[in-house]
Amino acid sequence: MSLLLKYKDKTEFNTHDQHKKLGYQSSNVSYVVTFVSNNYGKEAIFTDLSGVVHKLRSGMAISEGGLLETNNQRLEIRASSGITFRLDKKSEFSIERTIAGVVPVYYGKVYIFGTSNNEFVDGGKYRTSCYNDIKPGINLLIMNVSDDVDAYYGLDEETVIYEYDESGKKFPLFISGELIVTELKKDKNTPMRNRYSVIKQREMTNLEINKIYSYFVNLVNWR
């Protein structure tokens with residue numbers, strides 16, 4: 001935890017996971033910025049735990065101990081584990097120690113897809129809600145729609161969205177299905193197993209599908 005570093009909503013860095021952690025753990029997965037869009041305003045930055053700010057460029061590696069903010073740029077980050085993250089403007093990304101290990105934690109509008117030959121790879125955690133596993137064929141767009149509601153857009157194969165209770169036990173919340181939108185509401189004042197509720201689950205419209213594919217999937221926008 002850093003007293004200097006806070007998320008854009010002013011909550012303290014790495015306080016979303018309340019499980020106690022002892023000793024030191026580091027990830028052997030590398031995360032590399034592979035695309036930064038043209039700048040039409042405030043540039044994307046990485047702020048380390050000492051408060052030093054670094055402007056982001058393609059080819060930079062992101063590690064634990066800092067917060068990436070896209071601001072007015074779009075970024076692509078590729079993990080050596082076989083996951084690609086495409087972050088829209090006004091999104092955040094960090095590598096943090098959680099109950100699931102050292103994983104990416106992200107917020108804003110984030111598109112994730114798997115390229116690994118492994119069956120499943122840890123897809124990290126959307127900061128205001130839950131964890132996911134990614135494999136080839138799974139494409140997932142997650143975004144925050146209000147202070148206590150996140151939306152999951154499943155584009156291809158099903159994947160399980162899950163959390164950990166106060167005892168550290170993993171439990172499923174819902175299945176993100178193919179071309180299904182799921183809205184998940186959080187009540188942070190309740191025990192973990194009662195904290196999240198699916199308030200809406202519906203088929204995506206053709207307009208939504210076309211918008212996501214043209215913006216997040218089309219390689220022209222990410223090269």
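I began in strand β15, where I found I161 as the bridge partner of N132. The two strands concerned, β12 (residues 131-134) and β15 (residues 159-164), run antiparallel and are joined by two bridges. I took strands (E, at least two residues) and helices (H or I, at least four residues) as DSSP runs, numbered from the N terminus. I counted two strands as paired if DSSP finds at least two bridges between them.

I noted that this is a predicted model, in which local features need pLDDT of at least 70, side-chain atom pairs count only at pLDDT 80 or more, and totals for chains, interfaces and linings use all residues. Residues are numbered from 1 along each chain as its sequence is written, and side-chain values use heavy atoms, with hydrogens and water left out.

**First sheet**

I traced an open sheet of nine strands with mixed pairing, in the order β3-β2-β5-β8-β9-β11-β12-β15-β16. Its edge strands, each pairing on one side only, are β3 (53-55) and β16 (170-176). I found neighbouring strands of this sheet turned by 30° against each other on average, direction ignored. Axes are lines fitted to C-alpha atoms, for helices over the stretch in contact, and angles run from 0 to 180 degrees between N-to-C directions.

I then looked up E92, which lies in strand β8 (residues 92-98). E92 counts as buried because its relative accessibility is 3%. Here buried means under 20% relative accessible area, exposed over 50%, and partly exposed in between (1.4 Å probe, protein chains only). A polar atom of the E92 side chain lies 3.0 Å from the backbone nitrogen of K8. Leaving out residues up to four places away in sequence, I listed the residues that E92 touches (heavy atoms within 4.5 Å); among them are K8, E69, Y106 and R127.

I traced another open sheet of nine strands, with antiparallel pairing and the order β4-β1-β6-β7-β10-β13-β14-β17-β18. Its edge strands are β4 (61-62) and β18, each of which pairs on one side only. Within this sheet, five bridges pair β10 and β13 in the antiparallel sense, and K109 stands opposite M143 in β13.

I located R86 in strand β7. R86 counts as buried because its relative accessibility is 2%. I recorded a polar contact of 2.8 Å between the side chains of R86 and E76. Such a contact is a pair of N or O atoms within 3.5 Å; within protein, one must be able to donate a hydrogen and the other to accept it, and residues adjacent in sequence count only if both atoms are side-chain atoms. R86 also touches residues including K109, Y111, F216 and W222.

**Helix α2**

I checked the length of α2 (residues 206-217): at 1.5 Å a residue, its twelve residues should span 16 Å, and the end C-alpha atoms are 15 Å apart, which agrees. The expected span is 1.5 Å times one less than the number of residues. I found E208, I209, I212 and F216 to be the buried residues of α2. They cover an arc of only 100° around the axis, so they lie on the same side of α2. The arc is that of the directions from the helix axis to the C-beta atoms. On the other side of α2, I noted N206, L207, N210 and K211 as exposed.

I found that α2 lies across β7, β10, β13, β14, β17 and β18, running at about 80° to β10.
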